[in-house]
Amino acid sequence: MTRYALRVASVGAALGLWQLLTSLNIDLWLRFSQFPTVADVARAFGDRLAGDDYWTDLTDSLTRIVTGFLLAAVLGVATGVLVARSRLAEDLLGPILEVVRPIPAIALVPVAILLFPSNEQGIVFITFTAAFFPVLVSTRHAVRALPPGWEEAVRTMGGGRWRILGSVVLPGALPGIFGGLSVGIGVSWICVISAEMISGQYGVGYRTWQDYTVVDYPGVFVGMVTIGVLGWATSTAVELLGRRLTRWLPRTSYVPTGRARPKSPRSAAPAPAALPAVPTGPEPEEARDEHLV
């Protein structure tokens, strides 16, 4: 409860400082007199919530994000595993991926406009490209970092290629995969908003840019707050899903002394005291051998 109280207090302090600087028209080096106050943004937010355009923009942006991100998650994980485990795939796909990866997704907007028949498909493509490469790189590194002994153990017990993939590779790489997914969802929001500003017709980014062109600064801040809340909500959903699927991982909790201690996924009751051993005579040779094994 103390941690949640500190988080709420930090947000409240930031909003209070914003209201103070803008209401007093503070102009030292930063020009806070040009900013709308918190009250102005709150009134504009209330007006937007009462209209239909806000919810249409929200639905369009979420649809684009979910579609592009899901495509990037599936294809990014599949390509990352393939490149990490196949030398042929690495030789064929590696050079192309490494050349395209440094190109910012927003720089592909002209390509999307020329390539796809509609702006909607082009925006989804930009969102997909933004999330694809973080997922791909994280998956590739996570698969390559797996201990080889895990795979050898499955092979020793008669497991084939698909058994290794389902029992060793994907479960073992899940922490790294979800790290890439968390980064990918954030980059997707950055790029989808930029794409909507350039070539969209509806969406939070499109509406924010329109407010800027008509000098409606409270409306611009409404769009910024909406983007921030949506980004936080989707990133939290990805993180919670990752924690759910990797419950077997050890967690770390912080104690007042500042030292970290491992935290079990479920709280365990204290173990009962061990009963004293009762001598039962000399052990048979087979029992001693089994005990040693």
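**Notebook: helices, salt bridges, a patch and a pocket**

I began at Gly-16, which is found in helix H1 (residues 2–23). Helices here are DSSP runs (H or I, at least four residues), numbered from the N terminus. The model I am reading is predicted, so local features need pLDDT of at least 70 and side-chain atom pairs count only at pLDDT 80 or more, while totals for chains, interfaces and linings use all residues. Residues are numbered from 1 along each chain as its sequence is written, and side-chain values use heavy atoms, with hydrogens and water left out.

**Entry 1: Gly-16**

Gly-16 counts as partly exposed, at 38% relative accessibility. The scale is this: buried is under 20% relative accessible area, exposed is over 50%, and partly exposed is in between (1.4 Å probe, protein chains only). I then checked a distance. Gly-16 and Val-38 are 22 residues apart in sequence, and their C-alpha atoms are 8.3 Å apart in space.

**Entry 2: salt bridges**

How many salt bridges does the structure hold? I found ten. The term requires a side-chain nitrogen of Lys or Arg within 4 Å of a carboxyl oxygen of Asp or Glu.

I took Arg-43 and Asp-40 to start. Their side chains meet at 2.3 Å, N to O. Both sit in helix H2 (residues 38–49), and because they are three residues apart, about one helical turn separates them. Arg-43 is exposed at 51%. Asp-40 is partly exposed at 27%.

Next I looked at Asp-57 and Arg-207. This salt bridge has an N to O distance of 2.7 Å. The pair links distant parts of the chain, 150 residues apart: Asp-57 is in helix H3 and Arg-207 is in helix H9 (residues 204–213). Is Asp-57 buried or exposed? Asp-57 is buried, with a relative accessible area of 3%. Arg-207 is partly exposed, at 21%.

Then came Arg-243 and Glu-239. Their closest N and O atoms are 3.7 Å apart. Both lie in helix H10 (residues 217–245), four residues apart, about one turn of the helix. I noted 42% relative accessibility for Arg-243, which is partly exposed. Glu-239 is also partly exposed, with 43%.

I also noted a network of salt bridges. Arg-48, Asp-211 and Asp-216 are linked in it.

**Entry 3: a nonpolar patch**

Which residues form the nonpolar patch on the surface? I listed Leu-82, Leu-88, Leu-92 and Leu-93, with about 390 Å² of accessible area together. Areas come from the Shrake-Rupley method with a 1.4 Å probe, and for residues only the protein chains shown count as cover. Patch residues have over 30% relative accessible area and no salt bridge; like charges are joined within 9 Å, nonpolar side chains (Val, Leu, Ile, Met, Phe, Trp, Tyr) within 5 Å.

Helix H4 (residues 87–100) gives the largest share, three residues. Leu-93 is found in helix H4. I read its relative accessible area as 33%, so Leu-93 is partly exposed.

**Entry 4: the second largest pocket**

Last, I opened the second largest pocket. About 300 Å³ of space lies in it. A pocket is an open set of points on a 1 Å grid where a 1.4 Å probe fits, with protein on both sides within 12 Å along at least five of seven lines; lining residues have an atom within 4 Å of a point.

The lining includes Ala-78, Arg-85, Ser-86, Arg-161 and Trp-162. Helix H3 (52–85) and helix H8 (161–199) each supply at least two of the lining residues. I sorted the lining into six nonpolar, one polar and two charged residues.

How values were computed:
Grid points are joined across faces, edges and corners, and a volume is the space filled by probe spheres set on the points. Ala, Val, Leu, Ile, Met, Phe, Trp, Tyr, Cys and Pro count as nonpolar, Asp, Glu, Lys and Arg as charged, and the others, Gly among them, as polar.
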